Amino acid sequence: MEQAKARSDKNHDPRPQHEDEVGDVPRVRNLLLRSMCAVYLMAFVSFYCQAEGLYGDGGILPASRILANGTLKERLSLLQLAPFVGLGHGHEAIDLLCLVGATVAFLGLISRAHCRLLSFIVMWSVYFSLVQIAQSFRQQADHLLLEAGFLCILLAPTRLTDRRHPMEAIALLLLKWLVFRFMFASGSVKLASGCPLWWSLDGLKRHYETMPLPTSYSWYTYQLPDAFHRLSTIYVYLSELVVPWLFFAPSRTVRRFAVWWHVFLHLNIIGCGNYGFLSPLVLTLLVALLDDEDELVVWVQDRLAVDDTRRRAGRGRTAARQTNSTDDSADRYGGRLVKAISLLMVVGSWLCFSVGVSKDDGQLTFQPTFTQDQYLNMMQTMIRAAPLLVFVLLVKQFLKLLSSQDSVGSLAEGMRQFSKNLGLLISTIVAFTVFFMSIVPHSRLLPSTAVTSPVMTRAYGGLHSLYVVNQYGRHLTKMRPMRREIILEYGDELNGTWHEYGFQYKPWTVERAASLPYGWLHFPRFDFKFYDAAGSKSDAQKWIYPLVQRLLDHQQPVLDLLDSRHVPAEAPRYVRTSLYRFAYTSFADAAAGGFWTRERLTDYFNVFSREDAHLRDKLRQMNFRTAAEQSSSGGGSWNWLLRWLLDAVRRFVGAIEGSYLLIGLFVAAGMVLYTQQQQQQRVGQST
C-alpha cells in the first residue's frame with residue numbers, strides 16, 4: 001500500500017513528469033507525422049487540380065453516377081452529406097473536401113499544435129471519401145497513402161503534447177512492416193513472373209523507356225552502357241529483396257544504412273518518372289526506421305519545433321543522451337555489421353549473377369546462376385518468415401507495454417486506470433487485427449503461399465474495402481516489349497486532315513520541349529491512366545467512351561486536362577484514338593531532333609461522332625448522361641454563396657499548373673516555419 005501511495009504521489013507530481021518530458025521527446029514520431037501531412041498535402045492538391053475534369057458533372061466519370069447507383073461500399077463517402085450543405089454531388093462538393101483536407105494538412109505541416117489525432121482522422125476520412133469516387137483513375141499510391149494514414153491514426157497523440165504514449169512503438173513497427181511489404185512485393189514479383197527481361201537483367205533499361213510518365217532524366221539514364229543498367233538492376237533486386245530485412249535490425253547503424261540506401265533509390269525514382277507522392281510517401285515511412293537520437297532527426301526537430309518544447313528538448317538533450325548511452329554501447333559494432341553486410345551483398349551478387357568480362361568488348365557480363373524453381377523455393381521461405389519475424393517483435397513490444405503499466409492498490413484506483421487504458425486496449429486490438437489481415441495480401445505474392453482460410457480472407461476483404469490493408473507489387477511484373485501511346489485526334493471531315501490533342505504530362509509528340517515534361521510532386525491521374533490503357537485491350541477501358549463524348553461536346557473541364565495550346569477552338573465533328581509506337585532516340589538523333597521517334601500502328605478506337613450509335617450504346621450501359629441531360633437535371637444545389645466561394649477559389653487556383661501550385665505551397669510552408677523560428681529565437685534572447 002505504501003508503494004502504491006508513493007507511486008500515486010509521483011504521478012501527481014508535475015516536476016518528475018516535466019523531467020520525463022524533457023528527456024524523452026518522441027522526435028521520430030513528430031517528424032513522421034509532419035512528413036505525412038506534407039504527403040497528404042500533395043495528394044489533396046493533385047486531386048483538386050483534376051477533380052472537375054474527372055469527377056464533376058461535366059467530367060469524364062461524374063461522382064454523382066457512382067454515389068447514386070454504386071454499391072453500398074462505393075457510396076460510403078462523406079460526399080453523401082453534400083446535399084445537407086446545399087452542394088449536391090457536383091464538383092463543388094469535391095472541391096470542398098479537397099480544400100478541407102489540404103488546409104488540415106498544411107496546418108499540420110507548419111504547426112505541431114495541429115498535428116494530432118483529430119487531424120489525421122479528418123485527413124484519412126476525407127481522402128478515403130475522395131478515393132471512393134476515383135473509379136478507373138484510382139492508383140496504387142492511393143492505397144498506400146490510406147493504409148499508412150490509418151496507421152498514423154494509431155501513432156498520432158490525442159492531446160497537444162510531445163510526450164510518448166504506449167502505442168508508439170507498436171505503430172512504428174506496423175509502419176516498418178508496411179514499407180517492408182511494399183518494397184518486398186515490388187521486388188519479388190519481377191523474377192517470379194518469369195519475364196525474360198528481368199531474368200536477363202535488361203528490365204530496368206526497358207523500364208526507363210516504357211514507364212508511365214518518363215522524364216528527361218530517364219532519357220539520359222537510358223543512354224548509359226548496358227553493363228550499367230544490368231548492374232543497376234542488381235542494385236534494385238538488393239534494394240527490394242535484401243535491404244528491407246534490415247528494417248527490423250536491432251542495430252541503429254544498420255537501420256540507418258538501410259534508410260540511406262533507399263533514399264538514394266527513391267530520389268532516382270522521383271527524378272525518372274512522374275509518380276507524384278508515391279516515393280515521398282515511401283521516404284516518409286522510412287523515418288520509422290530511425291531513432292530519436294539520430295543526428296538528422298534531432299537537426300530537423302530543432303528546426304520544426306518552434307514552441308517551448310524546443311527549449312525544453314534542448315535542455316534535456318544531455319540527459320537523453322546519457323539515458324541512451326547503453327544503446328550506444330550496444331551498437332558499437334554497428335559499423336562493422338554494415339561493412340560485413342555490404343561485403344556479403346557484393347559477394348552474394350557476384351555469385352548469384354556470375355559477374356564476368358566479355359572477351360569481345362571487355363564489358364561486364366551478368367548471368368543468373370539460379371533457376372526460377374530455386375528462386376520460387378527461396379521466395380516461399382522468405383514470404384513465410386517475414387510475418388513470423390514481425391509477430392515476434394509485436395509480441396515483444398506488447399509485453400513491454402504491459403510491463404510499463406502501473407500496478408493498482410485499490411478498486412477505485414483500478415477503475416481509474418482501466419478507464420485511462422480503455423483507448424489503449426482498443427488501439428492494441430486494432431493494431432494486431434491490421435497486422436494479421438496484412439498477412440493475407442503478403443501471402444498472395446506466390447500462389448503456393450496464399451492463405452486459404454475463409455475467415456481471414458473474408459476479414460481481409462472487409463478491411464480492404466476501406467483500404468486499411470491492401471495488396472502491392474502488381475506493377476512491373478512483366479515488362480512491355482515496346483512503348484505504346486494512345487493519341488487523341490479530331491477532325492471536321494471523316495477523310496480529311498486529323499489534328500492531335502496535346503497532353504500536359506504524357507508523351508504524345510516528338511517535339512523536344514513538350515515530349516518529356518516533369519510534374520515534380522504533382523500526380524496527374526488523367527495522363528497516368530493512358531499508360532494502363534495502352535497496355536490493355538480497348539474494351540477494358542470503358543472510361544474512354546465518356547472522354548470521347550466530352551470532347552465531342554467540347555466540355556471545358558475536360559479540355560483543361562489537356563494542353564490548351566493543342567485544343568480546337570470549337571467542338572469537332574469527329575474524334576478518334578490512334579495507337580502509336582514510341583521509342584527513345586540516341587544522343588546523335590536527339591541533337592538534331594527530340595527525345596522520341598514514333599510510328600502509327602493502328603486505330604485504338606474507331607472514329608466517333610455525336611450521332612454514333614455504338615458510342616451511345618456504350619454510354620447507356622455505363623449509365624452516363626450527356627452534357628444536355630446533365631444540365632437539365634437539378635442537382636439540389638441551393639447554397640449559392642458557398643458555391644460562389646468555391647468557384648472563385650477554383651478560378652484563381654486553376655490558372656496555376658499543379659506542380660507549380662504545390663511548389664508554391666511548400667515554399668510558403670517553409671517561409672512560415674522560418675518566420676516562426678526567427679521569432680522564437682528573438683523571444684528566447686529577450687527572456
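This note goes through the predicted model point by point, from the chain as a whole to its helix contacts and salt bridges.

1. The chain as a whole. The secondary structure of this predicted model comes to 31 helices and eight strands. The chain has 687 residues, of which 53% are buried.

2. Helix 5 against helix 6. Helix 5 covers residues 91-110 and helix 6 covers residues 117-132, and the two pack at an angle of about 150° with their axes 9 Å apart. Angles over 145 degrees count as roughly antiparallel, and helix 5 and helix 6 are therefore described as roughly antiparallel to each other. Their crossing is left-handed. On the side of helix 5 the contact is made by Ile94, Leu97, Cys98, Gly101, Val104 and Ala105, while helix 6 contributes Ser119, Val122, Met123, Val126, Ser129 and Leu130. Sorted by class, this contact has nine nonpolar and three polar residues, with no charged residues.

3. Helix 5 against helix 30. Helix 5 also meets helix 30, which spans residues 640-653, and here the axes come within 10 Å and cross at roughly 70°. Angles from 65 to 115 degrees count as roughly perpendicular, and that is why helix 5 and helix 30 are given this description. The crossing is left-handed. In this contact His91, Glu92, Asp95, Leu96 and Leu99 of helix 5 meet Leu642, Arg643, Leu646, Asp647, Val649 and Arg650 of helix 30. By class there are five nonpolar, one polar and five charged residues in the contact of helix 5 with helix 30, whereas the contact of helix 5 with helix 6 has no charged residues.

4. How many salt bridges does a search of the whole structure find? The search finds 22. Some of them share partners, and in this way Glu52, Asp95 and Arg650 are joined into one network.

5. Arg230 with Asp202. These two residues form a salt bridge in which the closest N and O atoms are 2.9 Å apart. Arg230 lies in helix 12 (residues 226-242), and Asp202 in the loop between helix 9 (196-199) and helix 10 (203-210), so the pair ties together parts that are 28 residues apart in sequence. Arg230 counts as partly exposed at 23% relative accessibility, and Asp202 is likewise partly exposed, with a relative accessible area of 24%.

6. Asp291 with Arg252. In this salt bridge the closest N and O atoms are 2.8 Å apart. Asp291 sits in the loop between helix 14 (278-285) and helix 15 (295-304), and Arg252 is in helix 13 (residues 252-272), so that parts 39 residues apart in sequence are tied together by the pair. Arg252 has a relative accessibility of 14% and counts as buried.

7. Glu485 with Arg483. The closest N and O atoms of the pair are 2.7 Å apart.

Technical notes:
Residues are numbered from 1 along each chain as its sequence is written. This is a predicted model: local features need pLDDT of at least 70, side-chain atom pairs count only at pLDDT 80 or more; totals for chains, interfaces and linings use all residues. Side-chain values use heavy atoms; hydrogens and water are left out. Axes are lines fitted to C-alpha atoms, for helices over the stretch in contact, and angles run from 0 to 180 degrees between N-to-C directions. Helices (H or I, at least four residues) and strands (E, at least two) are DSSP runs, numbered from the N terminus. Angles under 35 degrees count as roughly parallel, over 145 as roughly antiparallel, 65 to 115 as roughly perpendicular and the rest as oblique. A crossing is left-handed if the near helix is turned anticlockwise from the far one by less than a right angle, and right-handed if clockwise. Contact means heavy atoms within 4.5 Å. Ala, Val, Leu, Ile, Met, Phe, Trp, Tyr, Cys and Pro count as nonpolar, Asp, Glu, Lys and Arg as charged, and the others, Gly among them, as polar. A salt bridge is a side-chain nitrogen of Lys or Arg within 4 Å of a carboxyl oxygen of Asp or Glu. Buried means under 20% relative accessible area, exposed over 50%, partly exposed in between (1.4 Å probe, protein chains only).
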